[in-house]
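Colleague: I'm new to this one. Could you walk me through how to read it?

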Amino acid sequence: MAADYRPWPVALGIVAFYLLLAVYGSSLLRTRLPRRWWKALHYGSYGAVVLVSFHAGWSGTDVGTWGYRLVAFVLLVSATVAALVRTLFSPGRRVTEASTPQSRAMPQPMTITAVHPLAADTVGLDLAPPDGTSMPVWQPGAHPTVHLPNGLQRRYSLCGDPAERTGYRIAVHRPPHSRGGSAWVHEHAVPGTVVGVSGPDNHFCLEPAGDYLFLAGGIGITPIKTMIESLPAHRSWRLIYIGRSRNAMVFCDELEQRWPEQVSILARDETGTRPDLTRILTGTTAMVYCCGPASMTDEVTTLVPPARLHVEHFTAAPITPTARPRPFEVVCARSGRHVQVTEDESLLEALEHAHVPVVASCREGVCGACAVRVISGHAEHFDSIPHTREQDEQNVMYPCVSRSRSPLLTLDL
Ligand code: FES
């Protein structure tokens, strides 16, 4: 016998139908939607199962027998448990609770196993842990922090094979005015040298897209090359690799041999002119990934809408504080220390003067090495690092450049 008709469970079933349509549609458009959109839509599938369960068990049609209700109840419990497990044990939450940005920045010893010249002023280093342990999984765009024996810390993009878990490969370019990091590597790094390595972190993740335009300047090719290598063979992409001279650019021959149709090398000593980025970018609808010197990233930023642009900076983007810096107080939650920050010093300097250990590298708000989590108070951000969802969830700030809006800031230190 048919049971009574109940409008609410029926309505929930209709909502579930449209929710499942949205999940299915976002699967088809996965390469064209921003990653956070389709991920959010896919979490909606848990809700769809719950709604369908209510519909099946309680809509009051002829399916409303005890057998259907039992199935619906089992589905409800399963979906709730799955959603709880996903929420409580997701990678982002594990990072938040089990480790802090600074605890992940604690260096582990690694031995330099090979040093090989890659181009004028650029050497490649292979690094491996002395005890043979496996390295963490990393994604293209990731960069570890290398803690050099001279006390400096520097970040270099990984340019090896992400599937290779026995070690890392990095490329180190020595600019004319090295601040001591790359100069030390070029003058002292030999096989057998032990350095500290922490991370890696990634502020330059490759988001799914149907078409990519990669723009690399100088040593900015290192994260871009790993991104290209990670793409499926059928993906549409193009690389414009810009440099002052071919002998100072790395991987040119390899890139041209492997992808002659997609790669354009624009070396100033061959073309004789500065590349016209406006012409290169006009009319493109591709997702643009750009890594290179400030002159390049600044220009690209004015030419590409933010929704289609991912930039990794070598140097800090100019951010002008709107008001004169104010003093504030910091509480280090783990140690209980109170630190006063004057208007004339950075938060990082104040922490260092108070002997609170904080890993730092660029000191310009570019590399992300000094990331700390804000527990309470309001940070004022002056960094040039694209903020990821994970960082936003963790409420991360970079004390080398960022300050506090509130008189008191509590940090996870
Ligand atoms: S030290 Fe590089 S972002 Fe702070």
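Modeller: Bear in mind that this is a predicted model. Let's take strand pairing to begin with.

Colleague: Okay. In what sense do strand β3 and β4 pair, and over how many bridges?

Modeller: In general, the strands of a sheet pair through backbone hydrogen bonds, and the pairing is either parallel or antiparallel. Here β3, residues 142-147, pairs with β4 in the antiparallel sense, over three bridges.

Colleague: Which residue in β4 is the bridge partner of His147?

Modeller: That's Gln153.

Colleague: What is the order of the strands in the open sheet?

Modeller: Six strands make up this open sheet, with antiparallel pairing, and they run β4-β3-β6-β1-β2-β5. Since β4 (153-155) and β5 (168-173) stand at the edges with a single partner strand each, one side of each has no neighbour in the sheet. On average, neighbouring strands are turned by 35° against each other, direction ignored.

Colleague: Which strands does helix α6 lie across?

Modeller: Helix α6, residues 181-188, lies across β2 (122-128), β4 and β5, and runs at about 110° to β5.

Colleague: What is Tyr241 in contact with, leaving aside its neighbours within four places in sequence?

Modeller: Its contacts include Ala216, Ile221, Met249, Leu255 and Leu266.

Note on methods. Residues numbered from 1 in each chain as written. Predicted model: local features only at pLDDT ≥ 70, side-chain atom pairs only at ≥ 80, totals over all residues. Heavy atoms only, no water. Pairing = 2+ DSSP bridges. Helix = DSSP H or I, 4+ residues; strand = E, 2+ residues; numbered from the N terminus. Axes fitted to C-alpha atoms, helices over the stretch in contact; angles between N-to-C directions. Contact = heavy atoms within 4.5 Å.
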